[in-house]
Amino acid sequence: MKTILVASQKGGAGKTTIAKNLSVAASAEGAKVMMFDMDPQKSLREWYDQREADEPVMPGRDPGPKELKKAIDTTAIHGFDYLFIDTPPASDAWLSDAMKLADLVVIPVRPSPTDLRAVRATLTSAKSAGTDFVFFLSQTTRTKMTDEAVRALAARGKLADVNLALRVAHAETDMDGRSVIEGDDPKARDELLAAWAYVKEQL
Ligand SMILES: Nc1ncnc2c1ncn2[C@@H]1O[C@H](COP(=O)(O)OP(=O)(O)O)[C@@H](O)[C@H]1O
Ligand SMILES: [Mg+2]
């Protein structure tokens, strides 16, 4: 089993969005996928509660930081192919330990000066954990700021070759527990499938 942890100290960066959409992309390929929501705000779980499709799945209760290792081991024993972990907007000490348990850390970043500055804390955690990490530019528009963000992030680590553009399809599908992969915007769908293909290459 491969464990992908989504992290960013910034709220609104796109963590929950990327976690649920990559989970659905993996599941749509026939993989057995589990999701944990470790954010006390429970946005991923609320989305999941709206969802009609049976997969991907979540546990009855999300593990707390101290229960995480055991929960990962149990998930692996049950034959899951992938586990996605959504996390709170923080750089708490436990998060770095959680990163150590993951195979890959996915860090979504909005193309704004504030968000780029805030990347440092998440980056420090990922580096101290020693786990591979990748940046995704999230909620991008076709502006010079996005081009600058590409340069800034590529200089700090591995940057995904696909940006998750700002698209209304996210809000539309979010309402009823779907992914953009299950929506009717082909650009949003293709982008997410490309993002998943990129993540798989890194695993
Ligand atoms: N690519 C995108 N296009 C449009 N809206 C987006 C996109 N990514 C995220 N959002 C929206 O931005 C808000 C914050 O995203 P979210 O994934 O919840 O961030 P986080 O989990 O990092 O706090 C949500 O309302 C979400 O629907
Ligand atoms: Mg979130």
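Asp174 sits in helix α7, where helices are DSSP runs of H or I with at least four residues and strands are E runs of at least two, both numbered from the N terminus. Asp174 counts as buried because 20 other C-beta atoms lie within 10 Å; the cut-offs are 20 or more for buried, 12 or fewer for exposed and partly exposed in between, counting other C-beta atoms within 10 Å of the residue's own, with C-beta atoms placed from the backbone. This is a predicted model, in which local features need pLDDT of at least 70 and side-chain atom pairs count only at pLDDT 80 or more, while totals for chains, interfaces and linings use all residues. Residues are numbered from 1 along each chain as its sequence is written, and chains are lettered from A and ligands numbered from 1 in the order in which they are written.

**Around Asp174**
- Asp174 and Leu137 are 37 residues apart in sequence, and their C-alpha atoms are 19 Å apart in space.

**Helix α8**
- Helix α8 takes in residues 186–202, 17 residues in total, and spans 25 Å from first C-alpha to last, close to the expected 24 Å (1.5 Å times one less than the number of residues).
- Its buried residues are Ala188, Arg189, Glu191, Leu192, Ala195, Trp196 and Val199.
- These cover an arc of only 165° around the axis, so they are on the same side of α8 (the arc is that of the directions from the helix axis to the C-beta atoms).
- Over on the other side of α8, Pro186, Lys187 and Glu201 are exposed.
- The cover over the buried residues of α8 includes β1, α1, β4, β5, β7 and α7, with contact meaning C-beta atoms, placed from the backbone, within 7 Å.

**Ligand 1**
- There are 19 residues around ligand 1, and Ala13, Lys15, Thr16, Thr17 and His170 come nearest (near means a C-beta atom, placed from the backbone, within 6 Å).
- α1, β5, β7 and α7 are the elements that each give two or more residues to this shell.
- The shell splits into 6 nonpolar, 10 polar and 3 charged residues; Ala, Val, Leu, Ile, Met, Phe, Trp, Tyr, Cys and Pro count as nonpolar, Asp, Glu, Lys and Arg as charged, and the others, Gly among them, as polar.

**Strand β3**
- Strand β3 (residues 82–86) is mostly covered, with 5 of its 5 residues buried.
- Tyr82, Phe84 and Asp86 are buried on one side, and Leu83 and Ile85 on the other.
- β1 and β3 run parallel, joined by 5 bridges (pairing takes at least two DSSP bridges), and Lys2 stands opposite Tyr82.
- β2 (residues 33–37) also pairs with β3 in the parallel sense over 5 bridges, with Phe36 opposite Ile85.

Conventions. Two residues are in contact if their C-beta atoms, placed from the backbone, lie within 7 Å.
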